[in-house]
Structure formats: C-alpha cells, structure tokens
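User: I would like to learn how to read a ligand site and some charged pairs in a model. Please take the features one by one.

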Amino acid sequence: MTQSQWRYPLSDVSFDEREAQAVVDVIRSGWLSMGPRTAEFETRLAEYLGVRYALATSNCTTALHLAILAAGVGPGDEVIVPSLTFVATANAILYGGGAPVFADIESLERPLTSAADIARKMTPRTSCVVVVHYAGYPCDMEAILALARERRIAVVEDAAHAIGSRYRGKACGTVGAVGCYSFFGNKNLAAGEGGAVVTDDARLFDHMKTRRSHGMTTLTWDRFKGHSFSYDVLALVYNYRMPELTAAVATAQLAKLDSLNARRSEVARAYLGELAGVDGLVVPFAREPAPGAVHVMPVLLPPGVERAGFMERLKAEGIQSSIHYPPVHRFSHYRSLTLGPAGREPSLPLTEEYARRVVTLPLHPKMTAEDARDIADVVKRSLG
Ligand SMILES: *Cc1c(COP(=O)(O)O)cnc(C)c1O
C-alpha cells in the first residue's frame, strides 16, 4: 500500500518485526495451509470478539458467500442489502442464487443501512438482510433485528470496516446471525488477503465449516494428525481456506488491533474537529460517539463543488483521496439484472446524493492528528 509519490497515501499498513517473524516461523514450520496457525487465529479472534465460533476464510467476499448460504438463501429469494457498499457485499448474494434488493441509507450524516427502508423493501420473498457497518459505525441493529425476527430471517453483518467497533457493548459482527470480516491490505486488521465468519449458532457454524473446504468432512491437517484416513463430500462448494502465512500475519495484527484502532480514532477525531462546521461540507458521523474502529474518513462536498477538480487539487498537494463508494446499483452488471419486483430502478435518493458528493480522505494507523489537521487545511482551501 505504500506509495511514495503520495505525501499522504489513502491507506497504509503498520507492520514491524512481529509480522516478519510470524511469516518466518511459518516457512520454517513447513506447514502452509489451514493448520495450527489458522486454528490459533480463529481461537484468538473468537476470544477478542466475544463470540462462540470463528472460521478463517480466504477473504471477506468468500466469508459473505458462506454466510449467505448458511442463512438459507437460494434461487428466487430476495436479500436486502445497501447499495452504498463495496460490490462484493452484493456479489455474494448473487453467488448464492439470491436477488439483491437495495436499501437506502438513513441520512447523509448517518450513511448506514436504513431500518425504515429495509421495512419498505421487504416482500414475502425476502429471506435475509445484509447490513454494512459503513466506515466502522454500527447500524441500528435493534430496529433491523426486530424486522428480521418478525419474519424469522437472518441478519448477516458485513463488518469489513468494523473490526473492533462495538454496538451496545457487543462487537460489531456478533450482533446478528453471522458476521463477516476482511483482512485485505487496507483494512483495520491487514494481512494482505483473508477474512472470517463468526457466529454463536452451532448449526450455522457447522454449515459454514464444511462449505469452506470443498464440502469435505475432514481436513488435510486432521489426516496428518492421524485423526482420520478418508472423507466424504457433502455439497458442491469451493475452496475458501486461509493460508497459514496469512493466519500468522493476521494473529500478529490482532494482538495490535486495539492500538491500531486507537490511532485511527485519534486521526478521525482530529479531522472531525477541523472539518465539522465548515460551510457547505457535510461530515458524516460528526455527532456520533466514537465506535471503536474507524475505517474510512468520508466528507460530502458542498453541492456546487465539482468533485474531480477537488480531488485533483488534493493530488497536487500529494494527498490521495477516493470515493467510498460508487453505488452498486449503478454498475453496468447490476443495471443489466432484473432486480426487485418488476425490475424497476431502485429508489435510493439518499445513496445517490451521498455517492455523488462523497470524497474519502487518508486514514491509516501511521498517520497522526497533525497529519489530519494538515490535510484538513488543504481540504478547506480546495473547496473555494
Ligand atoms: C473490503 C470489503 C469487502 C471485501 O473484502 P475482501 O476481503 O477484499 O473480499 C466486502 N465488504 C466491504 C464493506 C468491504 O469494505
């Protein structure tokens, strides 16, 4: 992620000798995929989150696919999901044979999956709800879980932004039926690739566990340990395993996660202090309590400011910026699908406005509050 042409890259990792040593240890051990390091990472992750079961996966997209399958989604089912998310959240629904039905966000200030819009978009065919704790801030889980409970359907949490965030004392990702995390190189816990699913439900756990590795009933590691000689295959699935190298890096990062998140939160606080109240600028979450983990730093430009030009002015000062996110329902592939009842264009007025105006500013654990103030100054100058 380190890009030397940027004075302030959008994202960066914070590695030291501990990650390096973890990788060397795996190489020396000679066991490279889903063995003792992966098992140790799963145990530590479950402990950290306060959840019964954790399964490491190849990435968060595959974690979401396992979650969608475990939630019982199948052909003909509708799954409600926000459009303001990374495309993988919706793709996982399509992989499972379901049809994504897009829900709007609550407001420009709280761009989180809206319970009210979920309620409006539910139909008799709705079989699951996927929420995204965007930027690390928890959705209104009480209202969303109440809607799901009425219909006896599962809520899957895409907690790719929210590892270390809490909702009423519980870790984000452990509030609904299944939570999914990403350990991609720009995420709060960075291992290059990798993901995890977590649940308190033994039945869902068993379902996801067999589907993570070819639908097989035993693992290569079990057979190496002499626990079994053969296996059965229960379902046609894929290989979503985590390599040991990834698990070792992820375990080293998990041990530092709270301090990495504290640094991100400090930087976010400095941004909010500088930018909240700037004329015409909307700064999402400015009035929310700090959630514990902040993943990205979005601001919405005043309606008259042309975004590409603004991003060019930041670039000229060595500041990388981005857009989280181009909305999923606008992508060509999604436009070509017949989504929802009668294939109508989804009504997502807040998501549309948000996506038109949003710019994300650099945020990573190597930054300081001073860096954020420096960038905020350029932002203010670049608005005019
Ligand atoms: C990063 C991300 C994903 C996908 O994660 P991968 O590990 O890259 O597959 C899914 N959802 C959200 C919200 C993300 O930010």
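Analyst: A polar contact is a pair of N or O atoms within 3.5 Å. The model is predicted, so local features need pLDDT of at least 70 and side-chain atom pairs pLDDT 80 or more, while totals for chains, interfaces and linings use all residues. Residues are numbered from 1 along each chain as its sequence is written, and side-chain values use heavy atoms, without hydrogens and water.

User: Which side-chain atoms lie by an oxygen atom of the ligand?

Analyst: An N or O atom in the side chain of S182 is 2.7 Å from a ligand oxygen, and a polar side-chain atom of K187 lies 3.2 Å from an oxygen of the ligand. Of the 380 Å² of accessible area that the ligand has on its own, the protein covers 93% (Shrake-Rupley method, 1.4 Å probe).

User: How many residues surround the ligand?

Analyst: A residue counts if one of its heavy atoms lies within 4 Å. Here 13 residues do, with C60, T61, D158, S182 and K187 the closest.

User: How many salt bridges are found in the whole structure?

Analyst: A salt bridge is a side-chain nitrogen of Lys or Arg within 4 Å of a carboxyl oxygen of Asp or Glu. The search finds 19. Among them, R110 pairs with E106, at 2.6 Å between the closest N and O atoms, and with E288, at 3.0 Å.

Technical notes: Polar contact = N/O pair within 3.5 Å; in protein donor to acceptor, adjacent residues only side chain to side chain.
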